[in-house]
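Here is a short briefing on one protein model. It starts with the order of the elements and then turns to strands, a loop and charged pairs.

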Amino acid sequence: LALHPSGSTPTMVSIRTASMSDLLAMQQCNLSCLPENYQMKYYFYHMLSWPQLLHVAEDSKGRIVGYVLAKMEEDSPEVHGHITSLAVLRSHRKMGIAAKLMTAAQEAMEETFKAEFVSLHVRKSNRAAFALYSSTLGFQINDIEAEYYADKEDAYDMRKYFAHAKHKPRPKFANPNAPPTDTDAVDMLPPSGNGAAPTSQQSHALEGEHTGA
């Protein structure tokens, strides 16, 4: 793929399935871009459990410039995937890389695991990420999780149902692709984890293309 941000020369970036040897570079990308970070064992857990879902963006020099960390939710009545973390280095943003990484992970969820939908969480203050997920990728707000993040910021719980999904519930908001006002919220969830830092049991979809991915 020849990708280029506005006003620059094209940059060759390829999207591929991640390998075990990519995990350290993925972690470094995460540390460079995002406030929610993970121990290496969490990356190993994803790789060993769902190797088909992890993807990286690699430039022409072999550097990892972005990644998506994803999983399947095993304790749910509906088979669905979840985006744990998404990030693209600042030098390679506004090139559509985040959308391509997300698409690759979603296609693997459908083809390999027959997922009904994919879910993620995004900070209410992260306008760029929200625009990426809703306008570009077709996610809709499912609910609001109060104090979801370690700093107690609320998160939008967003979902995207795949074409073959047997059950597609009606959105809980009048305009599911727009940030709700306080009066739009329905069935707000109680705090998730009481604002605790991420653990191997708590996965957080992290920041959009222009502010971390």
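From the N terminus, the elements follow the order β-β-α-α-β-β-β-α-β-α-β-β. That gives four helices and eight strands. Helices (H or I, at least four residues) and strands (E, at least two) are DSSP runs, numbered from the N terminus. The model is predicted: local features need pLDDT of at least 70, side-chain atom pairs count only at pLDDT 80 or more, and totals for chains, interfaces and linings use all residues. Residues are numbered from 1 along each chain as its sequence is written, and side-chain values use heavy atoms, with hydrogens and water left out.

**Overall packing**

- The protein has 213 residues, and 50% of them count as buried. Buried means under 20% relative accessible area, exposed over 50%, and partly exposed in between (1.4 Å probe, protein chains only).
- Contacts are heavy atoms within 4.5 Å. Among contacts with a separation of 6 or more, 69% are between residues 24 or more positions apart.

**Strand β5 and its partners**

- Strand β5 spans residues 80-88 and is mostly covered, with nine of its nine residues buried.
- On one pairing, β5 runs antiparallel to strand β4 (residues 64-73), joined by eight bridges. Strands pair if DSSP finds at least two bridges between them.
- Lys71 has His82 in β5 as its bridge partner.
- Six residues lie between β4 and β5, and the two strands form a hairpin.
- Strand β6 (residues 117-123) runs parallel to β5, with three bridges between them. Here His80 stands opposite Phe117 in β6.

- Asn126 sits in the loop between β6 and α4 (127-136).
- Is Asn126 buried or exposed? Its relative accessibility is 5%, so Asn126 counts as buried.
- The Asn126 side chain reaches the backbone nitrogen of Ala129 at 3.1 Å. A polar contact is a pair of N or O atoms within 3.5 Å; within protein, one must be able to donate a hydrogen and the other to accept it, and residues adjacent in sequence count only if both atoms are side-chain atoms.

**Salt bridges**

- A salt bridge is a side-chain nitrogen of Lys or Arg within 4 Å of a carboxyl oxygen of Asp or Glu. The count comes to six.
- Arg16 and Asp22 form one of them, at 2.8 Å from N to O. Arg16 is partly exposed at 24% relative accessible area, whereas Asp22 is buried at 6%.
- Glu36 pairs with Arg123, and their closest N and O atoms are 2.3 Å apart. This pair links distant parts of the chain: Glu36 is in the loop between α1 (23-33) and α2 (40-49), Arg123 is in strand β6, and they are 87 residues apart.
- Glu36 is buried at 5% relative accessible area. Arg123 is also buried, at 8%.
- Arg123 meets Asp151 as well, at 2.9 Å from N to O. Asp151 is in the loop between β7 (140-145) and β8 (155-161), 28 residues from Arg123.
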